[in-house]
Amino acid sequence: MKFQESSTSLSEVHQSIDTTTTRHKSRWRRALAFFGPAYLVSVGYMDPGNWATDLAGGSKYGYTLIWVLLMSNLMALLLQSLSARLGIVRGRDLAQANRETYPAPVNFLLYILAEIAIAATDLAEVLGMAIGIQLLTGLPLIWGVSLTVLDTFLILLLQRYGIRKMEAFIIALVAVIGISFLVQLILAKPEMGEVVKGFVPSLPDDTALYIAIGIIGATVMPHNLYLHSALVQTRKIQKTEAGIKRALKINFFDTAIALNLAFFVNAAILILAASVFYTSGHTEIADLHEAHRMLEPLLGGKLAPILFAVALIAAGQSSTVTGTLAGQIVMEGYLRLRLNPWLRRLLTRLVAIIPALIVIVVAGEEKIGELLVFSQVLLSLQLGFAVIPLIHFVSDKQTMGSFAIKPIIKIAAWLISVVLVYLNIRMVWSEAAGFFSEGGSIWVDIIIVLTGAAFLALLTITVIYPFISRYRQKGSARMHPDKVTLGNLEAPDYKRIAMALDFSSFDERIIAHALAQGKPDTEYLLIHIVESASARYFGKEAADFETQKDQEQLDTYLSLLAGKNIRAKALLGYRHRAKEIARLVKEEQADLLILGGHGHSGIKDWLYGETVNQVRHKVNIPVLVVA
């Protein structure tokens, strides 16, 4: 764990893809370098949390509500393009922009809400993947939920290979989902004339309105707005007016194509439900298990239900990758705090798995559907806290300059935000009204009312505060002071330089770098940690063969250095490598420590231990790592 000094989004892949290079000779090759971020974002629009509303709409009203999906997609297209604009023009993700604008208490609440939204999203992915595994293999749901923790290692592997490989993986999963539903639609043979009529706006009754609210409310996910504003910064662009215009234009096309693919998937689910369930009189199907069970007898084959389960697993897996990235962005942006990606992923996944396991064990698998709905309600609560600040930021001419959105776009964005916030508040209120009508504990009712009031108050602050503060830049890590001074820049005078040696080929390089940092009067400390079994147990009382040989090797080094008139001292440590190095450095009052990096990473770091990373957190002197 460490605090960031810089505020670049996803610093390990920031500007890792160069779109300015001339080696991409053709115009299309240069344009394709921009494509990718929107596909990672698009999976949030086809995650398992959206499937229930699509199934309900199609099975109950046939093709009538396709227009709602189209309208939702247009809303999402506008908001995601605004998110990309923020990242491209200002070089900020949404979390960083919030941190610079709102007071610390408000930012902390916004951070907590963003984390809850990510946990709720991950809960939906866990349940979707577990249900898909169960439908495909028959594995009990509790084991399917438990197995989803293993994708933590997949995230780690993908991040090691870079953002391009991750984008390719996500696009492959999206292709699996799209092909699966395309085949199912071919098997279902929908009436294309009726499908076209579904694009004409109509709401047959109040229930249709409620389902439409559910479709729209589940469309734009708050974590996607954080995600998109950071992912576009993985592209290195020319920071000229022409370069920014080009990036905005190409990213808009990228977003439009990706979200249209998401629209196709959602429309395919609704059309499948309409052509298979609605036409056969099964108008109350909204459960994933029930939909899967009915596909085989109604379509007369096993291929459709198998593809349904495969698509569900792919949707859950693809969404969980992007959820991890969003969590990293939110934590770094709001708190300037970085966790190792695998630890961040594991914590997020455990937060999602634990409530799912509790519900399965206590209430049974039949309550999983309600838990899936609850995750969507939690997401609904967070949406306004992401959309409203975003519109503020991209509207401000002081920070966006000529790239601030035009009045017509601003009006459209605010109308969309009002609609989305209203529909989500209405959805949440309907859920709360259900608790009130059940006549439960008065304390539960009071908590619900107070929580609702707090949410409305915070929502009001997010709307009003930017108008008052006029986007005061507070504590931006990337905003430079007006006047810069570097002081006297005196070179440090190291009196005692410590070297951590392991008797490998790295020792020569470490000693050479140490000598380069020293002066004639510098004393050098040669440190080696004995790691034999007896040394780990007995410490310095051990007198085993390895300890003796290690001491002899240090004495050889001392003799060679003495021949060059270099003062040196040998020190043996025992047991824990990082702790012993830090202890000896402090006891000997060294003012510089030099270690070997050895170049290993990933799984080898878990096997051998991240000595460099641990040591540098335990000492308060400069540390030089020799790779």
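Helix 6 (residues 104–137) passes a simple length check: at 1.5 Å a residue, its 34 residues should span 50 Å, and the end C-alpha atoms are 49 Å apart, which agrees. The expected span is 1.5 Å times one less than the number of residues. Helices here are DSSP runs of H or I with at least four residues, strands are runs of E with at least two, and both are numbered from the N terminus.

This is a predicted model, in which local features need pLDDT of at least 70, side-chain atom pairs count only at pLDDT 80 or more, and totals for chains, interfaces and linings use all residues. Residues are numbered from 1 along each chain as its sequence is written, and side-chain values use heavy atoms, with hydrogens and water left out.

Helix 6 is mostly covered, with 26 of its 34 residues buried. Buried means under 20% relative accessible area, exposed means over 50%, and partly exposed lies in between (1.4 Å probe, protein chains only). Gly138 follows helix 6 and has a positive phi, near 85°.

Helix 23 (residues 545–562) also fits its length: 18 residues should span 26 Å, and the end C-alpha atoms are 26 Å apart. Its buried residues include Thr547, Asp550, Leu554, Tyr557 and Leu561. Seen down the axis, the buried residues of helix 23 fall within an arc of 85°, so they line one face. That arc is taken from the directions from the helix axis to the C-beta atoms. The face turned away from the buried side carries the exposed residues Phe545 and Leu560.

Ser275 sits in helix 13 (residues 241–278). Ser275 counts as buried, at 10% relative accessibility. A polar atom of the Ser275 side chain lies 3.3 Å from the backbone oxygen of Leu272. A polar contact is a pair of N or O atoms within 3.5 Å; within protein, one must be able to donate a hydrogen and the other to accept it, and residues adjacent in sequence count only if both atoms are side-chain atoms. Leaving aside neighbours within four places in sequence, Ser275 is in contact (heavy atoms within 4.5 Å) with Tyr63, Ala188 and Pro190.

The whole structure holds eight aromatic pairs. One of them, Phe199 with Phe263, is tilted: 6.5 Å centre to centre, 50° between the planes. Phe199 lies in the loop between helix 10 (192–197) and helix 11 (206–217), and Phe263 lies in helix 13, so the pair ties together parts that are 64 residues apart in sequence. Rings of Phe, Tyr and Trp (its six-membered ring) pair if their centres lie within 6.5 Å; planes under 30 degrees apart count as stacked, over 60 as edge-to-face and the rest as tilted. Phe199 is partly exposed, with a relative accessible area of 35%. Phe263 is buried, at 15%.

Elsewhere, ring pairs link Tyr111, Tyr226 and Tyr334 into a cluster. Arg90 lies over the face of Phe393, at 5.9 Å from the ring centre. For such a charge, NZ of Lys or CZ of Arg must be within 6 Å of the ring centre and within 35 degrees of the ring normal.
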